[in-house]
Amino acid sequence: MPENQHESRLPVPSDPAQPRAARLRRARAAVLAYFFVAGMVIAVWASRIPEVKQRAGLNDGELSVALLGLAVGSLAAMQVAGRMVDRYGSSSVMLPAALLASLALIGPGFANSLPYLFTALAAVGLGSGLLGVPMNVHAARVERRYGRPIMASFHAAFSIGGFVGSALGGATAYLGVSAPLTFIAVALAMAALAVAARNWLLRGPDTVSATATPAHTGVRRGIPLRIVLFGAAAFCCMLAEGSVADWAAVYLHDAREASGAVAALGFSAFSALMAAGRLVGDRL
């Protein structure tokens, strides 16, 4: 038999790097899906705040108190989310957290009083806070395996979810679909997406390589100055984002007399430009 024919029948050795690369791409897609879910939940709620406010019979001051429930639930969840991730792993915490955040969206649609709405939003905040920590931990884990910056792309997925969710809220308002029905449909869809993406997450513990302890910078209680500065920057960003999410639709609807459909587009425009900035963040 000629030598070249013999060689053509030899099995081609498989490249073990290819399956690993495929698993890593799937893991990235899964984390992107969870960030999208988180953005959708907040945006769909934000787009229909004027209708929920009217249904519950609240004035602006009472709505402020109700919106505080979202922050209370989120802050409470973040106090335990880190410990849960340490104990069970980010991949184990993400699905139940996403299911809670998604299904809790149904509650505010039926709120008919201030205590009801406060409690319902606290549940949404609880789910969102529980989801935010593990999905960022898992995103960092995927980024380390990629070996290059991709974190901003995950946060862009959150903003894309904000854009899509607000646009969807505006479209359903334009078509006359009630807020409760909109919330139910989105909640079920996002819960299904979270379940579908679960199997693509990375397995095993969330290991972090050891780093040198930063030198003392003179900040009280040993908190590095750069952490304080990062915190201040994050506070400013979240103040702007939270203000737009909570009040853009109300301002456009009540003060500028826009329709419910148009009022929902305020947060959608904000999210679109935020996504644009985040999509170039990794390269910058």
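The largest nonpolar core of this predicted model comprises 29 residues, with Trp45, Ile49, Leu105, Leu117, Leu121 and Phe183 making the most contacts inside it. A nonpolar core is here a set of buried Ala, Val, Leu, Ile, Met, Phe, Trp, Tyr and Cys residues joined through side-chain atoms within 4.5 Å; buried denotes under 20% relative accessible area, exposed over 50%, and partly exposed the range in between (1.4 Å probe, protein chains only). At least two residues of this core are supplied by each of α2 (17–47), α3 (49–56), α4 (60–88), α7 (114–146), α9 (179–197) and α10 (225–255), and the largest share, 7 residues, comes from α2. Helices (H or I, at least four residues) and strands (E, at least two) are DSSP runs numbered from the N terminus. Beyond its neighbours within four places in sequence, Leu105 is in contact with Val41, Val44, Trp45, Val124, Phe183, Val186 and Ala187, contact being defined by heavy atoms within 4.5 Å. Another core, of 27 residues, lies apart from it and includes Ala38, Ala98, Leu131 and Ala194.

Residues are numbered from 1 along each chain as its sequence is written, and side-chain values use heavy atoms, with hydrogens and water left out. As the model is predicted, local features need pLDDT of at least 70 and side-chain atom pairs count only at pLDDT 80 or more, while totals for chains, interfaces and linings use all residues.

The unreviewed UniProt entry annotates residues 29–47, 63–81, 93–110, 116–133, 154–175, 181–202, 223–241 and 261–281 as "transmembrane region"; positions follow the numbering used here, feature names are shortened, and such annotations may be inferred rather than shown by experiment. The span 63–81 is 100% helix and 0% strand, and its end C-alpha atoms lie 27 Å apart. For residues 261–281, the corresponding separation is 31 Å, with 86% helix and 0% strand.

The largest pocket has a volume of about 1200 Å³. On a 1 Å grid over the protein atoms alone, a pocket is an open set of points where a 1.4 Å probe fits, with protein on both sides within 12 Å along at least five of seven lines, and lining residues have an atom within 4 Å of a point. Grid points are joined across faces, edges and corners, and a volume is the space filled by probe spheres set on the points. Of the 34 lining residues, Ser74, Met78, Met238, Glu241 and Gly242 lie nearest the centre of this pocket. Helices α2, α4, α7, α8 (151–174), α10 and α12 (265–279) each contribute at least two residues to the lining, the largest share, 9 residues, coming from α10. By class, this lining has 22 nonpolar, 9 polar and 3 charged residues, where Ala, Val, Leu, Ile, Met, Phe, Trp, Tyr, Cys and Pro count as nonpolar, Asp, Glu, Lys and Arg as charged, and the others, Gly among them, as polar.

The second largest pocket has a volume of about 220 Å³, and its lining divides into 6 nonpolar, 1 polar and 5 charged residues. Among the lining residues are Arg20, Arg23, Arg26, Ala27, Arg145, Leu201 and Arg203, and α2 provides the largest share, 6 residues. Ala27, located in α2, counts as buried because its relative accessibility is 0%. The C-alpha atoms of Ala27 and Leu201 are separated by 4.7 Å, although the two residues are 174 residues apart along the chain. Residues up to four places away in sequence not being counted, Ala27 touches Val142, Trp200 and Leu202.

Leu273, in helix α12, is exposed, with a relative accessible area of 66%. Leu273 and Ile160 are 113 residues apart in sequence, with a C-alpha to C-alpha distance of 9.5 Å.
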